[in-house]
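Hi everyone, thanks for coming. Please have a look at the screen.

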Amino acid sequence: MDSHAENNKRIAKNTLMLYARMLFGMAVSLYTSRVVLNTLGVEDYGTYNVVGGVVAMFSLLSGSLSSSISRFITYELGSGDIKKLKTVFSSSVMAMMFLSIAIVIVAEVIGVWFLNNKMNIPEDRMYAANWVLQCSILEFAIGLNSAPYCSAIIAHEKMAAYAYLGILNIVLRLVVVYSLYISPFDKLISYSFLTLSVAVLMCFLDYLYCKRKFSECTYHFVYDKTLLGRMLSFSGWSFLGNGAYLFNTQGLNILMNIFFGVSINAARGIASQVDGAVQSFVSNFTTAMNPQIIKSYAANDLEYMHMLVCRGAKYSYFMMLFFTIPLILEAHKVLTIWLGVVPEHAVTFMRLTLLSSLTVVVANTLVTAQTATGKIKKYQLVVSFCGLWVFPFSYIAFKFGASPEAAYIIYFFIYFGLIFVRIYLVKDLIKMAWTKFVKEVLLRMGLVSVCSVILPCLVYFNMPSSFIRLLIVCVVSVLSSLAFMYVWGLEKGERTFVISKIQNKIHSFKY
């Protein structure tokens, strides 16, 4: 139990470090998004988002192998086999080098052809779009090679370093925005080159930190056929899941471009910015928790693992809900204050994106638990098959004249159903009863969601639109959410823990 308490403290400490990074990053992101949109204009902003999506299509393999690297490094840390850990790291570096070369070649052939022959880009901006593509390909390859080092930092739970490096990245991107504002050259091309420069520097710093801090992060040529086979098999099955998700995000981005043009991509980019900012609250928490889930499985401490999976899913959802309610209700006012000029469809896209994200965050810890087992073939086959239907259904809807919002609605219903599919598939792998997740997570989430939204809705529908209403909706939403999360969302032991922490804080202030 002492080790569990220490692990919980480490999760809490690491989460706070990541939140410090996130709050700074969100503030900068909100500012820079407005500046970039106003500086580039709607068409160039949409072009940057959709061309970047073409390169992201090639991240199918890279994302799969990155998750494989993270899992194997964290697992070996949990098992305590240092020799195997060094072999895993060196193998992952070698795999990423070869993969990056292969993907750059493929991207140059297929990506350039697709951009110039299939995408709906204004003719006078095609030259700039090709430069964006080239910079995006190089940035992608650099990020690919830094994946083993980022995975090592997270696996060692060095979240302070991870946070500081992230803050530096944010500062550099703020410098990029200022440079973009004063640049005498083509703004879109300048933005692409500057973001590429930041990626190069951050990759070097990740390498330098890991080289100095972690003994396993020194590359030695090694050819472990069995290990590479396991890693490639793991990443191969992960490829299916990443492929489905990519088609449902970047694929839809390109599909919308073909049917509706770059202005839709600008609106989708804005919605994604808001969603990314909100999801960062959740991702920071899960980033801190994920290593403990994998390590507890490696140590065969399944009871502790089950607790982390359930509480992680519940807390992730509550964090998302906390911000989602006021943002969905006051989407138009928030975007108006933030951007000044709000692209058409941005309001509805933002609302539907946030709603859909609630269905995704519930499964975060289930995905981590499934990854920890290494037995992912059946899981990926079923989940990928179900998830892939978003893209063809959206295509059919657009062919029959549906609005762009139809894709978001389809996405929501399919990923809501996937929650139950994931529970069914993971329960046997980690030996956890499905009823435990339903009772401790889903039922509490549903009850809290319904109760929390009532009072903010009453305020929203009974007051005229104004900045005052925005403030009141936010305050009421926060108080309502916190109250019902405490009453209905937490178990008795969790409520006792919260009360004791509050009492300790009050006592420390008195003395």
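Let's start with a cysteine: is Cys150 buried, partly exposed or exposed? Cys150 counts as partly exposed, at 24% relative accessibility. Here buried means under 20% relative accessible area, exposed means over 50%, and partly exposed is in between, using a 1.4 Å probe and protein chains only.

A word on the source: this is a predicted model, so local features need pLDDT of at least 70 and side-chain atom pairs count only at pLDDT 80 or more, while totals for chains, interfaces and linings use all residues. Residues are numbered from 1 along each chain as its sequence is written, and side-chain values use heavy atoms, with hydrogens and water left out.

Back to the cysteines. How many disulfides does a search of the whole structure find? The search finds 0, with a disulfide taken as a pair of cysteine sulfur atoms within 2.5 Å. For Cys150, the closest cysteine sulfur is in Cys210, 7.4 Å away, which is too far for a bond. Cys135, meanwhile, is buried, with a relative accessible area of 4%.

Now the charged pairs. The whole structure has 3 salt bridges, each being a side-chain nitrogen of Lys or Arg within 4 Å of a carboxyl oxygen of Asp or Glu.

Take Arg469 and Glu330, whose closest N and O atoms are 2.8 Å apart. Arg469 sits in helix H17 (residues 467-489) and Glu330 in the loop between helix H9 (302-329) and helix H10 (331-339), so this pair ties together parts 139 residues apart in sequence. Both Arg469 and Glu330 are buried. As for the helix names, helices are DSSP runs of H or I with at least four residues, numbered from the N terminus.

Next, Lys427 and Asp428 form a salt bridge at 3.3 Å, N to O. Lys427 is buried at 15% relative accessible area, whereas Asp428 is exposed at 56%.

Then there is Lys436 with Glu440, at 2.9 Å between the closest N and O atoms. Both lie in helix H16 (residues 434-461), 4 residues apart, about one turn of the helix. Lys436 is partly exposed at 29%, and Glu440 is partly exposed at 21%.

Finally, helix H14 (residues 390-399). Which residues are buried there? Val390, Ser394, Ala397 and Phe398 are. Seen down the axis of H14, these buried residues fall within an arc of 95 degrees, so they line one face of the helix; the arc is that of the directions from the helix axis to the C-beta atoms. After H14 comes Gly401, with a positive phi near 90 degrees.

Methods:
Helices (H or I, at least four residues) and strands (E, at least two) are DSSP runs, numbered from the N terminus.
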